[in-house]
Structure formats: structure tokens, C-alpha cells
Amino acid sequence: MLLSNADLAALLFFLAMWAIHALAVAGKLGSRVSLSTAMNRQRETWMRTMARRDLRMIDTSIMLGLQQGTAFFGSSALIAIGGCFALIGSSDRVLNVLGDLPLSAVASRPVFEIKVIGLLLIFAYSFFKFGWSYRLFNYCSILIGAVPVQKDEPGHAEETEIAVQRAARMNILAGTHFNAGLRGIFFSIGYLGWFVGPIVFALTTLCIFAVLVRRQFFSEARKAVLDA
């Protein structure tokens, strides 16, 4: 095998931290509500509030902002994929630079290329998540347009409720895929430590994990959403 035991252990640690964070945010590893889960509830509230508005320019503006943000990160991921291919083409030059770092272990070109391919796969994963999220936000825009204006007529409330729940579920699903793509971008920063060495890789992964956990479960943003 080209990778050492230390490299494999650091890579498994990286994947484990990624999976643990994803499960924790989804509420599958504890009872503490994450910021993403709290915002999903606000998405439902948004859809119910939207149903009471005759004019929905505010809602379409919000959807446009969500779509533009998703498109930006999708384009950035695509550019990063191209950068990874360029990095493979200049492997010798990059290896010379990494060899001058005090903590960097001397790596062969095949090992370096394996690491770059791993980084490319992370960006490809994020790109597909952003691309699917963008499409789901488009679908959500259509579902918002299909929500009838809420009225007090008999039988009308049930029809509106079904349309609201449909739009809310699509919005939450789009947000979930966007968050998954963004998680890949964040963890790719920790992945860069692997180019220095397995120990640095584990440390950078742990730092990224700690930052993301704090933002999801102990940040002021979470308090602003949950606290009365």
C-alpha cells in the first residue's frame, strides 16, 4: 500500500469526524437541538406566514437570495475541482515547496496525487450537493407559487395546509443538501493538513470539527433562534 498506517488512521479519523458531525446536526446522536434543526422549524413558520400574504414579493426575494448563495458555492466548488487538476499537473513543484516545511513529511508523487484526488472527491461531492440544492430551491419556488392564499372558508384551510407542508418539506430538503455541501467545503480546509503530514491532518480535522460543533450547538446564532 502506498499510504502508511499513520495516513490511514488520520484519514479514518477525518471521515469519522465528518460522519459524527453530520449525524449530530441531524439530531441522531443526542437530544440537543442544532442550529440547522432550529432553522428548519423557522422554514416551516415562514411557509405558514407566506400563506397569509396576498402579495409574495418578500418570499420570492428570499428564495432568490437562497438560490444565488447556492449557485455561488456550486461555482466555487467547480473552480476548486479545476484547481485540483492543475495541482496534479504541477506535483513536482508543489512537493518541493512542501518539502521545505519543517513539519512536512517527505511524500512520493503517487501518495501526493492520491491526496489530491481525495480533495477533488470532496469538492465533487460538495458540487453535486449544491447543484441538487439549487434545483430543489427552484422546485420550492414553484410550490410556493402553488400555495393558495389562506382563507376562512370551509374546506379551504385543509387544502392550504397540505400545500404549505409540501413547500416546507421541499425547502427543508433543499437546505439540508446545501448544508451538506457546505460541510464538505469546511472539512476540506481540515483535509489540507494531510499535505503536511498525518499528525497535522488529525489536528486540523479536530479544529474544524470543534469550530463546526460550536457553531451548531453553542453559538450566539443558535441562542438567537431558540431563546425567547
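This is a predicted model: local features need pLDDT of at least 70, side-chain atom pairs count only at pLDDT 80 or more; totals for chains, interfaces and linings use all residues.

**Stop 1: a residue on the outside**

Select Ala 224: this residue is exposed, with a relative accessible area of 63% (buried means under 20%, exposed over 50%, partly exposed in between, using a 1.4 Å probe and protein chains only). Ala 224 sits in helix α8, residues 220–226 (helices are DSSP runs of H or I with at least four residues, numbered from the N terminus).

Residues are numbered from 1 along each chain as its sequence is written, and side-chain values use heavy atoms, leaving out hydrogens and water.

**Stop 2: Leu 11**

Jump to Leu 11, in helix α1. Is Leu 11 buried, exposed or partly exposed? At 23% relative accessibility, Leu 11 counts as partly exposed. Not counting residues up to four places away in sequence, Leu 11 touches Trp 194 and Phe 201 (contact means heavy atoms within 4.5 Å).

**Stop 3: the cores**

Next, select Phe 14, Phe 187 and Tyr 191: they have the most contacts inside the largest nonpolar core, which has 30 residues (a nonpolar core is a set of buried Ala, Val, Leu, Ile, Met, Phe, Trp, Tyr and Cys residues joined through side-chain atoms within 4.5 Å). Helices α1 (5–25), α3, α4 (91–99), α5, α6 (156–191) and α7 (198–217) each supply at least two residues of this core. Which helix gives the most? That's α5, with 9 residues.

Zoom in on Phe 187. Leaving aside neighbours within four places in sequence, its contacts include Phe 14, Trp 18, His 21 and Leu 212. Then look for a second, separate core of 16 residues, with Met 50, Met 63, Val 164 and Ala 168 among them.

**Stop 4: two helices crossing**

Finally, show α3 (residues 57–89) and α5 (residues 109–146). Their axes come within 8 Å and cross at roughly 160° (axes are lines fitted to C-alpha atoms over the stretch in contact, and angles run from 0 to 180 degrees between N-to-C directions). So α3 and α5 are roughly antiparallel to each other (the label for angles over 145 degrees).

Definitions and conventions. Angles under 35 degrees count as roughly parallel, over 145 as roughly antiparallel, 65 to 115 as roughly perpendicular and the rest as oblique.
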